[in-house]
Amino acid sequence: MKKTYYDPADLKKFSSITEWSKELGDKFFEYYGKVFEEGALSAREKSLIALAVSHVVKCPYCIDAYTKDGLQRGITKEEMMEAVHAGAAIESGATLVHGVQMMNKYEKLSM
Amino acid sequence: MPTQSLHKRKNELANTEKQLEILSNGIFVNGELPTFKEKIAETGQFPLRPRKTEILQINVGYMCNQVCSHCHVDAGPDRKEIMTRETMQQCLDVIKYTGAHTLDLTGGAPEMNPSFRWFVEEASKLGVKDFIVRSNLTIIMANKKYHDLPGFFKKHKIHVVSSMPHWTKGKTDRQRGDGVFNKSISALKKLNAVGYGMPDSDLKLDLIYNPSGAFLPTDQASMEKDFKKVLLEDFGIHFHELFAITNLPISRFLDYLIASENYEDYMYSLVEAFNPAAVQNVMCTNTISVSWDGWLYDCDFNQMLGLKVNSPVKHIKDYNEDILNDRNILISQHCYGCTAGSGSSCQGTVT
């Protein structure tokens with residue numbers, strides 16, 4: 001029995017998910033590849049967005065993959081950390097904006 | 001950051017046989033990854049054969065003023081292998097009749113060879129179409145006797161190709177040594193001042209980008225755009241093209257990969273990025289590499305692995321292009337470095 005749920009070596013096996021559902025797997029990887037192509041946004045910008053989202057969804061595989069992708073694209077560590085903060089700010093903002101709900105409920109229930 | 005070559009430190013990787021053994025074992029022997037031979041055989045590209053000799057790349061010595069952590073030559077101030085004038089003369093005799101259109105001088109720091117200027121003067125009389133010197137930039141600033149190199153290069157219409165791993169100081173200095181970034185910037189300004197790299201200038205100045213770590217280079221064109229923007233905006237520097245080169249897993253870069261426990265992942269990245277289209281134009285198919293002592297190799301990397309050409313002609317004194325072109329190119333797993341993604345060569349991508 002493995003001691004952890006995550007194994008870095010599993011990232012290399014990602015494409016094997018198609019083995020148990022070829023059509024859906026193939027469609028997913030085709031879509032995934034298309035998303036990260038150069039478009040209205042540059043591949044570089046998309047890489048930084050992916051890095052920020054990787055942190056927000058707390059996916060260790062994605063963090064490894066997009067840190068490496070950023071290095072390959074010459075993205076600096078300052079740019080990477082700012083992207084992580086952008087993700088973190090939205091995530092904490094999403095928590096804090098519920099404070100308004102709390103305030104509303106508090107006011108409604110109070111005399 | 002190393003301060004001495006693997007040779008000087010008597011590191012086991014100074015032994016080329018040890019390097020070849022590592023490249024052939026582990027993940028490549030248990031079937032986890034295909035060998036380079038197996039991989040190119042899948043697309044009917046084995047054995048790898050030369051097309052036509054277009055580039056004569058001459059390594060005039062392993063001595064260098066820098067000790068870069070990724071250096072595939074294991075160059076440094078402690079390396080004493082230097083091409084003699086006699087061997088240079090043998091090279092000149094070949095340059096006279098070769099069909100190659102490009103002469104490419106490399107090292108070490110080629111300028112540190114005491115006969116470097118004589119060799120450039122003599123070779124430039126022979127009418128080579130593209131005469132490249134791979135200059136590490138800091139050499140220009142290293143000592144007063146090198147300060148006039150930009151003018152010397154200009155006089156002989158040398159095409160200068162220089163390394164610049166990143167546009168930030170931290171990344172550059174970690175790979176190439178403290179102070180390298182600032183000195184490189186000063187040297188680039190001196191080259192620009194005599195006309196090198198300026199828009200519309202015939203004095204060609206290209207930069208080499210190679211990753212400072214265990215990752216591959218991506219899109220050469222977008223890297224060039226980034227380099228141009230920052231070097232111009234921050235330092236007022238111009239250059240022509242950026243060549244992205246993949247670090248091959250040999251010598252000091254192999255040492256780094258193993259020590260940092262990145263070797264297997266790096267080899268996986270190279271194999272995953274294998275591009276059959278890059279195999280057709282890989283530089284060993286149009287280049288002959290000459291070592292400081294006149295031996296011939298398929299490329300500078302095979303030279304550093306001690307793999308002499310598989311041909312009856314093995315030395316510059318016996319040079320014969322027809323015989324040389326009828327050979328099988330020697331390969332091992334380091335070759336994956338030249339076929340990853342858009343491919344990699346001393347002239348950048350190959351697809």
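Trainee: In which helix do K228(B) and E224(B) both lie?

Mentor: K228(B) and E224(B) are 4 residues apart, about one turn of the helix. Helices here are DSSP runs (H or I, at least four residues), numbered from the N terminus. The element that holds both residues is helix α9 of chain B.

Trainee: Which pLDDT is required before side-chain atom pairs count?

Mentor: Residues are numbered from 1 along each chain as its sequence is written, chains are lettered from A and ligands numbered from 1 in the order in which they are written, and side-chain values use heavy atoms, with hydrogens and water left out. This is a predicted model, in which totals for chains, interfaces and linings use all residues, local features need pLDDT of at least 70, and side-chain atom pairs count only at pLDDT 80 or more.

Trainee: How far apart are the closest N and O atoms of K228(B) and E224(B)?

Mentor: Side chains of opposite charge can pair when their charged atoms come close. A salt bridge requires a side-chain nitrogen of Lys or Arg within 4 Å of a carboxyl oxygen of Asp or Glu. K228(B) and E224(B) form such a bridge, with the closest N and O atoms separated by 3.9 Å.

Trainee: Is E224(B) buried or partly exposed?

Mentor: Buried means under 20% relative accessible area, exposed means over 50%, and partly exposed lies in between (1.4 Å probe, protein chains only). K228(B), at 31%, is partly exposed. E224(B) has a relative accessible area of 21%, so this residue also counts as partly exposed.

Trainee: Which two residues meet in a salt bridge at 2.9 Å, N to O?

Mentor: The structure holds 26 salt bridges over all chains. One of them meets the stated distance, 2.9 Å from N to O, and its partners are K58(A) and E91(A). This pair links distant parts of the chain, 33 residues apart: one partner in the loop between α2 and α3 (60–72) of chain A, the other in helix α4 (residues 77–96). The relative accessible area is 52%, hence exposed, for K58(A), and 32%, hence partly exposed, for E91(A).

Trainee: Why does the salt bridge of D226(B) and R44(A) join two chains?

Mentor: The side chains of D226(B) and R44(A) meet at 3.5 Å, N to O. D226(B) counts as buried because its relative accessibility is 17%. D226(B) lies in helix α9 of chain B and R44(A) in helix α2 (residues 43–56) of chain A, so the pair joins two chains.

Trainee: How many salt bridges does the rule find across the interface of chain B and chain A?

Mentor: The contact (heavy atoms within 4.5 Å) takes 8 residues from chain A and 16 residues from chain B. Across this interface, the number of salt bridges found is 2.

Trainee: What area is buried between chain B and chain A?

Mentor: Buried area is the accessible area (1.4 Å probe) that two parts lose on being put together, summed over both. Carbon and sulfur atoms give 52% of the area in this case. On the side of chain B, K171(B), F215(B) and T218(B) lose the most area to chain A, together 37% of what that side buries. The area buried between the two chains is about 1,000 Å².

Trainee: What is the angle between the ring planes of F14(A) and F28(A)?

Mentor: Rings of Phe, Tyr and Trp (its six-membered ring) pair if their centres lie within 6.5 Å; planes under 30 degrees apart count as stacked, over 60 as edge-to-face and the rest as tilted. The structure holds 19 aromatic pairs over all chains. The centres of F14(A) and F28(A) are 6.0 Å apart, and the pair is tilted because the angle between the planes is 55°.

Trainee: Over the ring of which residue does the charged end of K12(A) sit?

Mentor: A charge sits over a ring if NZ of Lys or CZ of Arg is within 6 Å of the ring centre and within 35 degrees of the ring normal. R117(B) lies over the face of F152(B), at 5.0 Å from the ring centre. For K12(A), the distance to the ring centre is 4.4 Å, and the ring belongs to Y268(B).
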